[in-house]
Amino acid sequence: MRTFALATFCAATVLLIPLEAWLPGTIAFGLSGWAVWQSRDAAFRRRMGVLLGCILLLALAPISTDTRPVKFLTLGLPFLAVIALPPLLLRRSDPGLLSFHLWPRHFSWLEFGYVLLSVPLAWAAFRLYFGVLSPEVPFNWKLPPEPASGPLLTLFAGINLVGVWDELFFINTCFAVLRSLFPFWSANLAQSVVYTSVLYDMAFQGWGPLFVFFLAVTQGIMFERSRVLVYVLVVHLIVDYFLFQEIVEAYYPAFSVWWHP
C-alpha cells in the first residue's frame, strides 16, 4: 500500500503541476490520499498528508518566470507556505524531522569536490541545453529588447531566490519527509519527480526535464550523505549563476555580465 501511495503521489504531481491534467490528476491525487489514509501508521499518514497538501498548493500556484512585483507576491506566498507549514505542522508530532541545518560538523573533501565539480558541469550543461538542444528555452524568461540594470537585477534576484527555495522545499522538506518513510532510492527518485515537475512548469522545457532530474538526483545523494544544506545550496547557486549568464547571452549576444567562460 505504501508503494501504491508513493506511485500515485508521483503521478498526481506530474499530472497536476506541469501537465495541468486536472481530471486524471485529481483521480491520482485521490487514490494517493486514499492509500495514505488506509495506512495504520499514524506517522505515515501525517507526513504523506502534509506532502500531498504541498502538491495541491503548488498545483494551484501561478508558477511562471514572471518577475513583476505582483508575481513575487502571488507566487511567493504559496512557495513560502510549502516550506514554512510542514515544519510547523510536524514539529510536535515529528520533532527533528525537518531541521534546516545549514553547516556541516566536519569538513569533507568529497562534498567539497562535488561543489567544485558543479562549476564545469553546470557550464557544460547549459551550453548543451540552451546552445544546442533547446535554444528557445532562455526566452521563457522575459527581458526588454535592450539590456537595463533594473530588469537584469530583478532577474538575477528572482533566479537565486527560487534556487534557494528549490533546495529548502525539494530537498530539505520533500526528500527529508519521504526519506523518513521510504528507502533512499524510492525517496530520492520521488523527490526528483517533484523537483522536475515544478521546474518544468516554471520554464525548463524542451530537454530540461533530463537535466533537472539529474541535478535533483545528485542533490538528494549529497543531502543523504551530509544532512546539511550548505552543499546543495552552493551547488544550486552555482547552477543559477550560469543560468543567468546564458539567459542574458541569449537576449544580448554582445553584452557581457561579469565573467563568462
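Gln219 belongs to helix α8; helices (H or I, at least four residues) and strands (E, at least two) are DSSP runs, numbered from the N terminus. Apart from neighbours within four places in sequence, Gln219 is in contact with Tyr114, Glu167, Ile171, Val232, Val235 and His236, where contact means heavy atoms within 4.5 Å.

The structure is a predicted model, in which local features need pLDDT of at least 70 and side-chain atom pairs count only at pLDDT 80 or more, whereas totals for chains, interfaces and linings use all residues. Residues are numbered from 1 along each chain as its sequence is written, and side-chain values use heavy atoms, with hydrogens and water left out.

# Around Gln219

One of the residues that Gln219 contacts is Ile171, which lies in helix α6. Ile171 is likewise buried, with a relative accessible area of 0%. Not counting residues up to four places away in sequence, Ile171 touches Asp166, Ala176, Gln191, Tyr195, Ala216, Gln219, Gly220 and Phe223. Between Ile171 and Val217, which are 46 residues apart along the chain, the separation of C-alpha atoms is 9.9 Å.

Leu215 is another residue of helix α8, and its relative accessible area of 14% makes it buried. Beyond residues up to four places away in sequence, Leu215 touches Tyr195, Val235 and His236. From Leu215 to Ile17 there are 198 residues in sequence and 19 Å in space, C-alpha to C-alpha.

# The nonpolar core

A nonpolar core is a set of buried Ala, Val, Leu, Ile, Met, Phe, Trp, Tyr and Cys residues joined through side-chain atoms within 4.5 Å. The largest one here has 86 residues. Those with the most contacts inside this core are Phe9, Met48, Trp141, Trp165, Phe169, Leu178 and Ile247. In soluble globular proteins, nonpolar side chains tend to be buried together.

Trp165 touches Leu58, Phe79, Leu80, Val82, Ile83, Phe170 and Val198, leaving out residues up to four places away in sequence. Ile247 is 240 residues from Ala7 in sequence and 35 Å from it in space, C-alpha to C-alpha. Ala7 itself is placed in helix α1 and is partly exposed, at 46% relative accessible area.

# The largest pocket

The largest pocket holds about 960 Å³ of space. On a 1 Å grid over the protein atoms alone, a pocket is an open set of points where a 1.4 Å probe fits, with protein on both sides within 12 Å along at least five of seven lines, and lining residues have an atom within 4 Å of a point. Grid points are joined across faces, edges and corners, and the volume is the space filled by probe spheres set on the points.

The lining comprises 43 residues, and the closest to the centre of the pocket are Asp166, Leu199, Phe204, His236 and Asp240. Two or more lining residues come from each of α4 (69-90), α5 (109-133), α6 (149-179), α7 (184-202), α8 (208-226) and α9 (230-251). Helix α6 provides the largest share, 9 residues. By class, the lining has 30 nonpolar, 9 polar and 4 charged residues; Ala, Val, Leu, Ile, Met, Phe, Trp, Tyr, Cys and Pro count as nonpolar, Asp, Glu, Lys and Arg as charged, and the others, Gly among them, as polar.

# Cysteines

The count of disulfides is 0, a disulfide being a pair of cysteine sulfur atoms within 2.5 Å. For Cys10, the nearest cysteine sulfur is that of Cys174, 8.3 Å away. For Cys54, the nearest is also that of Cys174, at 8.0 Å. Cys10 is buried at 14% relative accessibility, and Cys54 is buried at 5%.

Glu20 lies in the loop between α1 (2-16) and α2 (22-38). Arg227 is in the loop between α8 and α9 and is partly exposed, at 37% relative accessibility.

Glu20 is also among the contacts of Asp201, together with Ile17, Pro18 and Ile63, neighbours within four places in sequence left aside. Asp201 is located in helix α7 and is buried, with a relative accessible area of 16%. Although 137 residues separate Asp201 from Ser64 in sequence, the two are 7.0 Å apart in space, C-alpha to C-alpha.

Key
Buried means under 20% relative accessible area, exposed over 50%, partly exposed in between (1.4 Å probe, protein chains only).
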